[in-house]
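Work through the two exercises below with the sequence and the coordinates at hand, and try each task before reading its solution.

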Amino acid sequence: MSLFILSRFKDILRRIWAEFKGFLRDRNLLTFGLFIIFAAILWYGHAMNAVRERTLSISIVYTGVADNIAFEQNLPDAFRLTIRDQGKRLQKYREESFAPIEIDLSQQLLHKEGHIHITADHVRSKIADQLQGTAKIQKVQPEVIASDYYTLSKKTVPVTVTGTLTPATQYMFAGEAVATPASVTIYGKEAVLDSVKQVFTESVNETDIRDTLLRQVALQTPEGIRLSVDSVSLMVVAEQFTEKTFTLKIHTKGVPEGEKLRIFPSTAEATIRIALSHFNEVSESSIEAVCQYPREATATLPVALHYNNSNIIQARVNPAEVEYIIEKR
């Protein structure tokens, strides 16, 4: 069966090749094909020399606008430019080849509120500088940029990180997640500003953190508010931790003169959790076990741990309570 199919396939290829050779021998068809190609070349040459129009978009960059200025109408972010030139020259123009048109508004924003008005004629020369000498500007849209403006109130509020950050097993965070900047300036009408006490980040959810996590995080913008920045840098440091145990004498505090507070047992085991990199920086002198003189009769006294080393993250004591007796001297 497969030999039969292969034989048929060869027959089809032979027929196609025979038809193609016949086409090449037919001078009329060959002449017609050459004529079509020649006509296409002539048409393309004529199109390249003919005067034509092209419409492009050029970005606008506004300068001289303080953060606390707001516009009643949205300002356009681009001009629609129609230019006229020979076709071969028009081909060289691309939207990405034009530098953005800079419009300085500083001289029109001199008061707490007012109106700006810019005509297309104001920027035509800036556009013309980027064109070849043969090109002509046919149209610039919008022809007018106009809007009322007003000044916003402002205040500074803290940034609050939202989401869940979880260290890997046997790791711990060396401190809280830190946002930089820790606070941002917000702009808006006073009534709206009064209701905003803090600005939240977008939710950040990371697990199995084993090292320093650095992330640029977007801020959530409250309705009717403008932010001085739209994102913050988030950092949290995870370190591998270990535990260290000390046997400590329990000290008594607040004992009145003429009395003695005896506790049983008189020692306790303090187990601290510490980053592996700081293991040798914590000694027995860094931590103290303490019992306070009882203000009222109780069966036992709680044992508290006091430590002055910032490298100690957590600490626990055993036993957590001791028995006692009070003796008169």
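A residue is called buried under 20% relative accessible area, exposed over 50% and partly exposed in between, with a 1.4 Å probe and protein chains only. This is a predicted model, in which local features need pLDDT of at least 70, side-chain atom pairs count only at pLDDT 80 or more, and totals for chains, interfaces and linings use all residues. Residues are numbered from 1 along each chain as its sequence is written, and side-chain values use heavy atoms, with hydrogens and water left out. By the burial cut-off, 28% of the 329 residues of the chain are buried.

**Exercise 1.** Determine the strand order of the open sheet of four strands, and name its edge strands.

*Solution.* Strands are DSSP runs of E with at least two residues, numbered from the N terminus, and two of them pair if DSSP finds at least two bridges between them. Applied here, these rules give the order β13-β8-β12-β16, with mixed pairing. The edges are β13 (199–200) and β16 (226–227), each of which pairs on one side only. Next, β8 (residues 153–160) joins β13 in the parallel sense through two bridges, and Thr 160 lies opposite Phe 200 of β13.

**Exercise 2.** Locate Asn 309 and describe its surroundings.

*Solution.* Begin with the loop between β22 (304–307) and β23 (312–318), where Asn 309 is found. Its relative accessible area is 12%, so Asn 309 counts as buried. Beyond its neighbours within four places in sequence, Asn 309 is in contact (heavy atoms within 4.5 Å) with Glu 281, Val 282 and Ser 286. Finally, the side chain of Asn 309 reaches the backbone oxygen of Glu 281 at 3.0 Å.

How values were computed:
Polar contact = N/O pair within 3.5 Å; in protein donor to acceptor, adjacent residues only side chain to side chain.
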